[in-house]
Amino acid sequence: MSFHFLRKYLDKIKWFDLSPDAGAPNCICSLCEQLIGENEVPIRAFDTARGLEARFHIKCFGTVTGTKIYALPDDLEYYPEELP
Ligand SMILES: [Zn+2]
């Protein structure tokens with residue numbers, strides 16, 4: 001899968017040098033900077049050249065990529081209200 005961040009968000013997202021599990025106190029969304037809870041699935045993007053990670057709530061990932069995420073393939077009940 002490939003994607004690109006919308007240009008208007010490039011300088012607004014935070015990058016991190018750690019990759020904590022969902023629910024950890026430092027598992028913060030790169031866009032809204034709110035906690036990603038242990039019952040959520042972070043979408044992670046890696047900048048391997050710099051050793052950095054950006055991570056997002058599913059809805060925030062949709063915002064920065066200009067896409068609409070309905071559900072994860074292995075977790076179709078995660079956002080059941082958004083299923084088509
Ligand atoms: Zn977020």
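pLDDT is the predictor's confidence in each residue, from 0 to 100. This is a predicted model, so that score is the place to start. The protein chain averages a pLDDT of 84, and 79% of the residues score at least 70. Within the secondary structure, β2 has the highest confidence, at 96. Confidence is lowest in α1, at a mean of 90.

The fold is quickly listed. From the N terminus on, the order is β-β-α. Strand β1 covers 43-47, strand β2 covers 52-56, and helix α1 covers 58-65. Gly66 follows α1. The phi of Gly66 is positive, near 70°.

Now look at the interior. The protein chain has 84 residues, and 15% of them count as buried. In soluble globular proteins, nonpolar side chains tend to be buried together. Here, the largest nonpolar core has nine residues: Cys29, Leu31, Ile36, Ile43, Ala54, Phe56, Cys60, Phe61 and Val64. Two elements, β2 and α1, each give two or more residues to this core. The most comes from α1, with three residues.

Turn to the helix. Cys60, Phe61 and Val64 are the buried residues named in α1. They sit on the same side of α1, because they cover an arc of only 105° around the axis. The buried residues of α1 pack against both strands, β1 and β2. Beyond its neighbours within four places, Cys60 is in contact with Cys29, Leu31 and Cys32.

Next, take Phe56, which is found in strand β2. Why does Phe56 count as buried? There are 22 other C-beta atoms within 10 Å of Phe56, and a residue is buried if that count is 20 or more. Leaving aside neighbours within four places in sequence, the contacts of Phe56 are Cys29, Ser30, Leu31, Pro42, Ile43, Phe61 and Val64. Phe61 and Val64 are also buried residues of α1. Cys29 and Leu31 are in contact with Cys60 as well.

Phe56 and Ile28 are 28 residues apart in sequence. In space they are 7.9 Å apart, C-alpha to C-alpha. For the protein chain as a whole, take the contacts between residues at least 6 apart in sequence. Of these, 39% join residues at least 24 apart.

Methods: Residues are numbered from 1 along each chain as its sequence is written. This is a predicted model: local features need pLDDT of at least 70, side-chain atom pairs count only at pLDDT 80 or more; totals for chains, interfaces and linings use all residues. A nonpolar core is a set of buried Ala, Val, Leu, Ile, Met, Phe, Trp, Tyr and Cys residues joined through C-beta atoms within 7 Å. A residue is buried if 20 or more other C-beta atoms lie within 10 Å of its own, exposed if 12 or fewer, and partly exposed in between; C-beta atoms are placed from the backbone. Helices (H or I, at least four residues) and strands (E, at least two) are DSSP runs, numbered from the N terminus. Two residues are in contact if their C-beta atoms, placed from the backbone, lie within 7 Å. The arc is that of the directions from the helix axis to the C-beta atoms.
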